[in-house]
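Biologist: I have just opened this entry and would like a guided look. Could you take me through it?

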Amino acid sequence: MADVDGVLERTIGSLLDQRRPGTSICPSEAARAVDPEGWRELMPAARAAAGRLAAAGEVEVTQRGQVVDVMTARGPVRVRRPH
């Protein structure tokens, strides 16, 4: 997959578009959608894609309901559209 970063960004957007407003996804959902067999290896790229989308104002990355910087957050995060 040549442009995995772009594919992950578009997949995050698509997954969020399919959800009710205010609902979040896990970056792993995007990774699994892109590569069901090798999704674990895509997790750093999926988190980075969420970070780029957050920097562009398209999404928010949260942890325990609070907006966080995905690059410094440790542990599981969620991705949602900004409120």
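This is a predicted model: local features need pLDDT of at least 70, side-chain atom pairs count only at pLDDT 80 or more; totals for chains, interfaces and linings use all residues.

Biologist: Where is the place of Arg 64?

Modeller: Arg 64 sits in the loop between strand 1 and strand 2.

Biologist: What is the phi of Arg 64?

Modeller: The phi of Arg 64 is positive, at about 55°, although Arg 64 is not a glycine. Most residues other than glycine have a negative phi.

Biologist: Turning to the sheet, in what order do the strands lie?

Modeller: The sheet is open and has 3 strands, in the order 2-1-3, with antiparallel pairing. Its edge strands are strand 2 (66–67) and strand 3 (78–80), each of which pairs on one side only.

Biologist: How many bridges join strand 1 to strand 2?

Modeller: Strand 1 (residues 60–63) is joined to strand 2 by 2 bridges, and these strands run antiparallel. Gln 63 has Gln 66, in strand 2, as its bridge partner.

Biologist: Now the helices. At what angle do helix 2 and helix 3 pack?

Modeller: Helix 2 (residues 27–34) packs against helix 3 at an angle of about 125°, and their axes are 8 Å apart. The crossing of helix 2 and helix 3 is right-handed.

Biologist: Which residues make that contact?

Modeller: Helix 2 contributes Pro 27, Ser 28, Ala 31, Arg 32 and Val 34, while helix 3 contributes Trp 39, Leu 42, Met 43, Ala 46 and Arg 47. By class, the contact of helix 2 with helix 3 has 7 nonpolar, 1 polar and 2 charged residues.

Biologist: And helix 1 with helix 3: how do their axes cross?

Modeller: The axes of helix 1 (residues 4–17) and helix 3 (residues 39–55) cross at roughly 65° and come within 9 Å. Helix 1 also passes helix 3 in a right-handed crossing.

Biologist: Which residues of helix 1 and helix 3 meet?

Modeller: From helix 1, Val 4, Asp 5, Leu 8, Glu 9 and Ile 12 take part. They meet Leu 42, Ala 45, Ala 46, Ala 49, Ala 50, Arg 52 and Leu 53 in helix 3. The contact of helix 1 with helix 3 comprises 9 nonpolar and 3 charged residues, with no polar ones.

Definitions and conventions: Residues are numbered from 1 along each chain as its sequence is written. Side-chain values use heavy atoms; hydrogens and water are left out. Axes are lines fitted to C-alpha atoms, for helices over the stretch in contact, and angles run from 0 to 180 degrees between N-to-C directions. Helices (H or I, at least four residues) and strands (E, at least two) are DSSP runs, numbered from the N terminus. A crossing is left-handed if the near helix is turned anticlockwise from the far one by less than a right angle, and right-handed if clockwise. Contact means heavy atoms within 4.5 Å. Ala, Val, Leu, Ile, Met, Phe, Trp, Tyr, Cys and Pro count as nonpolar, Asp, Glu, Lys and Arg as charged, and the others, Gly among them, as polar. Two strands pair if DSSP finds at least two bridges between them.
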